[in-house]
Amino acid sequence: MTNNLRTFRLVCSEKDIPAVEELLRSQGFEFSPEPFYSMARRLEKEPFPLGDSLASRFGRIYIQDRSSMLPPLMLNPPKGAKVLDMCASPGSKTGILARLVGRDGFVLASEPSKDRLALLRQNLRRVQAINSATVSYESQKIPLPSNGWEYILLDPPCSGWGTINKNPKAMDLWSGEKTLPLIALQRQLLAKAFDLLTPGGNVVYSTCTTNVQENEEQTRFAVEELGFELVKLPHPAGFTIAEPLLPNMDGVLRVDGSGGGQGFYVCGLRKPGNAEPEYPETAPLPGQKLNLKKQDYPEAIDFSALPDGELYDFKGKAMFLNRHALNMLPPNLRWQGYPLGKISGKKFRPNPFARTLLPETPAESALVLENAEDLAKLFSGQSLTAPAKGKGPVGLYFKQLLLGFTGKKGSRFIWTEK
């Protein structure tokens with residue numbers, strides 16, 4: 001195994017793994033499973049860029065460094081949990097968290113940079129993280145009440161020394177006193193995480209650097225100055241874990257990049273005590289709540305497939321607002337739910353990639369493709385023969401795998417992203 005190892009993860013349920021893998025193999029990709037996560041794969045043959053594959057375009061895989069997958073896996077929130085991702089963009093770890101907590105859970109992702117926030121939202125849409133919401137704050141100042149979260153992921157800005165295979169100038173750009181502002185910010189974020197955690201709650205702190213000041217020294221600060229308890233993390237299969245650079249650091253993971261993937265540091269921390277989370281009073285929202293009984297929408301849509309929540313019209317955008325977000329987030333917090341499509345008058349048109357609105361069993365009107373060649377034709381702009389009856393958009397499936405919605409014009413299926 002070499003340091004130029006490329007990895008990705010599948011974005012699907014366990015039962016859909018064979019269909020996603022078949023879609024990849026039909027386009028010439030070869031890969032093998034990683035031992036640390038059932039959804040992780042090691043790329044072995046790439047006939048053309050993996051990001052241009054059908055599986056990637058439909059959000060059924062996500063290209064991600066194997067080490068980067070560890071922080072959310074080490075936090076390991078249970079099904080139904082509510083998680084705060086304090087430094088979320090580009091959303092790689094957020095997407096794993098959304099899968100781990102499942103349909104009944106919730107992930108709030110924070111990102112201060114407007115450009116990076118756009119990327120975060122784009123990636124969450126791609127993987128259909130319907131159980132998420134986003135905010136744009138400096139997380140050390142985020143206006144959330146204390147003691148409200150049982151799980152927090154904190155992957156703060158760092159010097160990136162562990163990424164020198166991809167970013168060879170990282171150590172030159174961030175050396176000596178240049179790292180001091182980063183170290184100060186990391187401490188502010190750790191202190192904020194301690195405040196936001198419910199007693200008994202857990203935070204995973206991680207960086208993609210090998211710098212002891214940003215790693216073990218920050219762990220020591222968290223324990224000795226903030227009052228965290230150190231949590232011993234399990235050794236992930238398939239990784240080389242180096243010895244910590246400070247004593248009394250049992251259970252931290254200093255991931256040695258020589259085993260493949262980036263150099264990474266991961267530690268688990270717990271806020272002492274036990275208590276139930278405290279939630280604030282909520283307030284009315286500015287948008288217009290949608291009455292689905294009065295909406296005209298395609299028969300292919302199954303709104304019961306959504307988690308518990310509400311659909312709102314925000315200036316022509318149909319947004320799903322998760323029930324946890326509605327119940328947990330304070331009125332002074334500006335946040336955005338999950339976009340599902342567009343509203344024009346009484347008509348709702350789903351986003352073409354909004355597979356979360358599809359029923360598991362295809363409707364009679366659905367386009368169910370049995371081979372990737374037809375899917376590639378459709379996606380490239382070619383039309384496919386359709387029954388003369390009915391109109392689109394209709395559900396699009398590859399075998400039993402939900403993909404999204406495709407248009408229908410007369411007796412032809414057509415792909416459009418408008």
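## Classes and cavities

In the classes used here, Ala, Val, Leu, Ile, Met, Phe, Trp, Tyr, Cys and Pro count as nonpolar, Asp, Glu, Lys and Arg as charged, and the others, Gly among them, as polar. With that in hand, let us look inside this predicted model. Rolling a probe the size of a water molecule over the atoms shows where empty space is left. The count here comes to 4 cavities of 30 Å³ or more.

## The largest cavity

The largest cavity holds about 70 Å³ of space. Its lining is made up of R121, L124, R125, S132, A133, T134, Q336, G337, Y338 and P339. Helix 5 (114–126), strand 7 (132–135) and strand 18 (338–344) are the elements that each give two or more residues to this lining. Sorted by class, the lining of the largest cavity has 4 nonpolar, 4 polar and 2 charged residues.

## The second largest cavity

Next comes the second largest cavity, with about 60 Å³ of space. The residues that line the second largest cavity are R349, P350, P352, P393, F405, T406, G407, T416 and K418. Two or more of these lining residues come from each of strand 19 (347–350) and strand 23 (401–409), and strand 23 gives the largest share, 3 residues. By class, the lining of the second largest cavity has 4 nonpolar, 3 polar and 2 charged residues.

## A closer look at R254

Which residues surround R254? Leaving aside neighbours within four places in sequence, R254 is in contact with T210, N211, V212, N215, E216, T240, I241, A242, E243, L245, F264 and Y265. With T210 there is a polar approach to look at: the backbone oxygen of T210 lies 3.1 Å from a polar atom of the R254 side chain.

## A hairpin of two strands

Our last stop is a pair of strands. Strand 2 (residues 30–33) and strand 3 (residues 40–45) run antiparallel and are joined by 4 bridges. Together, strand 2 and strand 3 form a hairpin, with 6 residues between them.

Notes
Residues numbered from 1 in each chain as written. Predicted model: local features only at pLDDT ≥ 70, side-chain atom pairs only at ≥ 80, totals over all residues. Heavy atoms only, no water. 1 Å grid on protein atoms, 1.4 Å probe; cavity = no way out; pocket = protein on both sides within 12 Å on 5 of 7 lines; lining within 4 Å. Points joined across faces, edges and corners; volume = space filled by probe spheres on them. Contact = heavy atoms within 4.5 Å. Polar contact = N/O pair within 3.5 Å; in protein donor to acceptor, adjacent residues only side chain to side chain. Pairing = 2+ DSSP bridges.
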